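Please report on the structure shown below.

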Amino acid sequence: MDYSQEEVMMAFQIYAKISQKGYSEGDELRLYLAEDKVRGLVDQFAREVDCTIFSVGERLYFIPLAVNSPFHISNDTLKKTYFTGKTINADIYFMYVTIIILFGEFYDSYQTTEATRDFISMSDWLEQVNERLETLQAIGNEELKELEKEYEYNWSAIIEKWSDLDDLKETAKAQTGRTISRLSFLHTVKRFLEAQELIEDIGNDELQLTEKAKVIVQRYYMELEYNRGILEFIYSLERRKEEA
C-alpha cells in the first residue's frame with residue numbers, strides 16, 4: 001500500500017504521542033478512527049514494539065503485549081514507584097497474582113469475556129487471595145516444583161511472601177502503606193491499578209473495573225498466548241479447595 005508523506009507524518013505523530021503518554025485523545029483519536037491508512041500505520045508501528053492500540057470512549061490506549069517490549073513496566077520501575085524499603089522480586093510475583101485474582105473475581109471462569117459482577121470490596125479481594133494461597137500452600141513440594149517448571153513462575157516465593165505478611169491487623173478499619181500486612185499490600189497494588197486506569201475506587205473500600213480493563217480482559221487477558229495458562233491455574237486452585 002502506498003502512503004503519502006503527510007499520512008506517514010500524521011501516523012508517526014500519533015504514535016510518538018501515544019507511546020510517550022500511554023494514551024491519546026482529541027484530534028489524534030478522531031484522525032486515527034477516520035483515516036484507514038493512518039490507523040494502519042499507527043497499528044503497524046505499535047506491533048513493531050510488541051504493543052497494541054485500542055480505543056475506549058474518548059481515548060486511545062497504548063498497551064505492551066510482551067515482557068520484552070521496551071514499553072513494558074520493568075520490575076525495577078515497579079519497585080521504585082509503588083514499594084518502599086527493601087523490595088524483592090517475590091513482591092512483584094505476589095503483586096501479579098493478586099491482580100489475576102482480582103480480575104478473575106469479576107468473571108465466572110477464565111473462558112468468559114463479560115463481567116458477572118459490578119464491584120468487589122477490598123476485604124473480599126483479600127479473602128479470595130487468602131483462600132487461593134492457602135490451597136497453593138497445601139500442595140506438596142514436589143508438585144509445586146513441577147508447577148514452577150510448567151508455568152515458569154516462582155510459586156514458592158509467592159507462598160513465602162504471603163506467609164511472611166502480618167495479617168493480625170487485617171480487620172482494622174484503617175490501613176496505611178506503612179503497616180506490614182496483607183491488606184496494606186493490596187492497597188499498594190490498588191494504587192498501581194488506579195495509576196494504570198484499570199480500576200476505580202467507588203467508595204466504601206469497593207472497587208470496579210474500568211472500561212479500559214474490560215477491553216484488555218476481553219481481548220488479551222483470557223488468551224493462553226498472553227497469560228501462559230497461569231489464569232487457568234489460579235482458577236483451578238478454587239476447584240482444588242472445593243474437592244478437598
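## Helix α1 and its end

Glycine 22 follows α1 and has a positive phi, near 90 degrees. The model is predicted: local features need pLDDT of at least 70, side-chain atom pairs count only at pLDDT 80 or more, and totals for chains, interfaces and linings use all residues. Numbering runs from 1 along each chain as its sequence is written, and side-chain values use heavy atoms, leaving out hydrogens and water.

Helix α1 covers residues 5-21, 17 residues in total. Helices here are DSSP runs of H or I with at least four residues, strands are E runs of at least two, and both are numbered from the N terminus. From first C-alpha to last, α1 reaches 24 Å, close to the 24 Å expected at 1.5 Å a residue. That expected span is 1.5 Å times one less than the number of residues.

Glu7, Ala11, Ile14, Tyr15, Ile18 and Ser19 are the buried residues of α1. Buried means under 20% relative accessible area, exposed over 50%, and partly exposed in between, with a 1.4 Å probe and protein chains only. Viewed down the helix axis, the buried residues of α1 fall within an arc of 120 degrees, so they line one face. The arc is taken from the directions between the helix axis and the C-beta atoms.

On the other side, Gln5, Glu6, Gln13 and Gln20 are exposed. The cover over the buried residues of α1 includes β1 (23-25), α2 (27-34), α3 (36-48), β2 (51-56) and β3 (59-64).

## The sheet

An open sheet is built from 3 strands in the order β4-β6-β5, with antiparallel pairing. Strands pair if DSSP finds at least two bridges between them. The edge strands, β4 (120-121) and β5 (199-203), each pair on one side only. Helix α9 (residues 182-195) packs on the sheet and touches β5 and β6. The direction of α9 makes about 115 degrees with that of β5. Such angles run from 0 to 180 degrees between N-to-C directions, along lines fitted to C-alpha atoms, for helices over the stretch in contact.

β4 and β6 (residues 206-209) pair over 2 bridges. Isoleucine 120 stands opposite leucine 207 in β6.

Most residues other than glycine have a negative phi. Glutamate 197 has a positive phi, near 60 degrees. Its place is the loop between α9 and β5, and at 26% relative accessibility it counts as partly exposed.

Aspartate 205 also has a positive phi, about 60 degrees. This residue sits in the loop between β5 and β6. Aspartate 205 is partly exposed at 35% relative accessible area.

## A buried aspartate

Aspartate 91 lies in helix α5 (residues 89-104). Its relative accessible area is 4%, so it is buried. Leaving out residues up to four places away in sequence, aspartate 91 touches Phe83, Lys86, Lys161 and Phe185. Contact means heavy atoms within 4.5 Å.

## Nonpolar cores

The largest nonpolar core has 54 residues. A nonpolar core is a set of buried Ala, Val, Leu, Ile, Met, Phe, Trp, Tyr and Cys residues joined through side-chain atoms within 4.5 Å. Trp125, Leu136, Trp155 and Leu193 have the most contacts inside the largest core. Helix α5 gives the most to this core, with 9 residues.

Leucine 136 is in contact with Leu144, Trp155, Ile159, Phe233 and Leu237, neighbours within four places in sequence aside. A second, separate core has 15 residues, including Ala11, Ile14, Tyr15 and Ile53.
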